Amino acid sequence: MIVEGAIVDRDGIRTGYVRFRGPRVIEVGAIGTDSTRGRVRRIHGIVVPPPVNSHTHLGDSVSSREPPLGPVGDIVGSPTGLKFRLLSETPRARKVRAMRSALARMRRAAVAATVDFREEGLDGVRQLREASTGSGVDVRILGRPLARPVDPVELDRLLKECDGIGLSSSREEGPEVRATIARRCRTLGKRYALHASEEVREPVDRYLSPKPDLLVHLVKATPDDLEAVGAAGVAVAVCPRSNALFGRRPDLARFEKLGLRMLLGTDNAMFHAPSIFRELEFAYVSSRLMERPVSPAYLARAAFVTPWEWLGEPRKAEIAPGSPATPIVLRLPTDDPAYQLVTRATEHVIVRPGTDRPGPSSRP
Ligand SMILES: [Zn+2]
C-alpha cells in the first residue's frame, strides 16, 4: 500500500508518499517518485507515528459518574478523597475488568503506549499488568509504595514489577520520601515522576529536587517556574481537560515559547475517556478560547513524537525505511496536516497498514 499526502514525524511535517509492506515502512519520498509505477494500491492521508497517552490513572475507570463540584483535592486527594474510597471499596476483579476495557478503547484509537500512575502498591501494579496482557498497548506503570516512611523492601519489590514511581506531589510527600524513591529509581534505571503545581503553586526547587524524569500538570507554575523546568530539561505531561473540569488550564503558549518537552495525557479515567484525540482538540481549542494560542504542530509533537523520545524509543517516531515504527494513517485532508491532527482526528478515520482495509477517504 502507498499513502500519498503528508508525513508528520520526528523530522517535522512534510508532503510525500510512504510505501508500506505490512505494518512497516519500506519507502518514503516525494509524491510521484515511488518505484511501483502505479501497480500498488494508493490512498490519500496523513502518516504519523501511533500516539502515546502520557498520563493516565486507568484504575479510576471503576467510576464514570459526574464528579461533584468542589476542590479537586476532595475528589482525588490521597488517601481520603472519593477516588481512593472507590478504589478500596471496589473488588479487585472489577478493577481489572475496568482497566482492561479502558485499554481496549485506547487500542481502538491506535494508542500504542501509555504511562500510567498506578496507586495501591504492589497489588495495584499487578492488577494493571494483568489488565494489560494481550491489550496491544505498551503500558508503562509508575507504581506507588504504600508505607511511610518508605520501606526499602516494599520499594524494591514494587520496582521489580513496574517501570518506576509516580507520586501524588511534593505537598503530600516530604523530602525524605522523594529522595529515597528518586535515588532507588535512578540506581535501578527506573523512572521517577510526580504531579506538581496542580491545585496551588509549589516552589519549583521542591519538585525539581531530586530531579524527576517527568512532572505532571504545572497549571499553577509561574513563568519563572516553567523556565526553571525547561532549564532542568524535565519533561512535563499536561492534561487540559482534567484541569478544565476544576477551572484551571496550563499555559501551553508559554510551554511552547520556552520549548518545554511537553507530553499529553488524559489523567483520571473517572473524569474523561482516555481519548488522546479529544485531548488534542480540547488543548488546541481552549488555547484559542483563552487567547493564548498554542500551535497545532507543538501539540501534535506532544502526542505523536515527544513521548517516544521520553520512552527512550525515538526511532518509533521516525517514518523512514527500516525504522521500527508502525505508523498509522489518518484519512484526512492533507493541507495544514498538524491542524487536521489536532481538530479532526478520530478513531473512525484511522487506517493501520498491514491490518485494516482502507475505506473511503474522509473529507469532514
Ligand atoms: Zn494524575
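Residues are numbered from 1 along each chain as its sequence is written. Because the model is predicted, local features need pLDDT of at least 70 and side-chain atom pairs count only at pLDDT 80 or more, while totals for chains, interfaces and linings use all residues.

Q: What makes the protein one of domain 1 and domain 2?
A: An automatic or database domain assignment supplies the bounds. Domain 1 covers 2-49 + 318-351, and domain 2 covers 52-310. Their C-alpha centres lie 30 Å apart.

Q: How do you know that domain 1 and domain 2 are in contact?
A: Contact requires C-beta atoms, placed from the backbone, to lie within 7 Å. In this sense 16 residues of domain 1 are in contact with 14 residues of domain 2. On the side of domain 1 that touches domain 2, the elements giving two or more residues are β1 (2-9) and α14 (337-343); α14 gives the most, with five residues. Such elements are DSSP runs numbered from the N terminus, helices being H or I of at least four residues and strands E of at least two.

Q: What classes make up the residues of the side of domain 1 that touches domain 2?
A: They divide into 11 nonpolar, two polar and three charged. Here Ala, Val, Leu, Ile, Met, Phe, Trp, Tyr, Cys and Pro count as nonpolar, Asp, Glu, Lys and Arg as charged, and the others, Gly among them, as polar.

Q: Why is I7 called buried?
A: Buried means that 20 or more other C-beta atoms lie within 10 Å of a residue's own, exposed means 12 or fewer, and partly exposed lies in between, with C-beta atoms placed from the backbone. I7 has 23 other C-beta atoms within 10 Å, and is therefore buried. I7 lies in strand β1 and, not counting residues up to four places away in sequence, touches R14, G16, V18, V47 and I319.

Q: Why is E347 called partly exposed rather than buried?
A: E347 has 15 other C-beta atoms within 10 Å, so it is partly exposed. E347 is found in the loop between α14 and β15 (350-351). Leaving aside neighbours within four places in sequence, E347 is in contact with R108 and A109.

Q: What makes helix α12 largely enclosed by the rest of the structure?
A: Eight of the nine residues of α12 (residues 296-304) are buried, so α12 is largely enclosed. The buried residues are P296, Y298, L299, A300, R301, A302, A303 and F304.

Q: Why are α3 and α4 called oblique to each other?
A: Axes are lines fitted to C-alpha atoms, for helices over the stretch in contact, and angles run from 0 to 180 degrees between N-to-C directions. Under 35 degrees counts as roughly parallel, over 145 as roughly antiparallel, 65 to 115 as roughly perpendicular and the rest as oblique. Helix α3 (residues 92-108) and helix α4 (residues 121-132) pack at about 50 degrees, with their axes 8 Å apart. They are therefore oblique. The contact is made by R92, K95, V96, M99, R100 and L103 of α3 and Q127, L128, E130, A131 and S132 of α4.

Q: How do you know that α4 is roughly parallel to α5?
A: The axes of α4 and helix α5 (residues 152-161) cross at roughly 10 degrees and come within 9 Å. That angle makes the two helices roughly parallel. G121, L122, V125, R126 and R129 in α4 meet R157, L158 and E161 in α5. By class, this contact has three nonpolar, one polar and four charged residues.

Definitions and conventions. Two residues are in contact if their C-beta atoms, placed from the backbone, lie within 7 Å.
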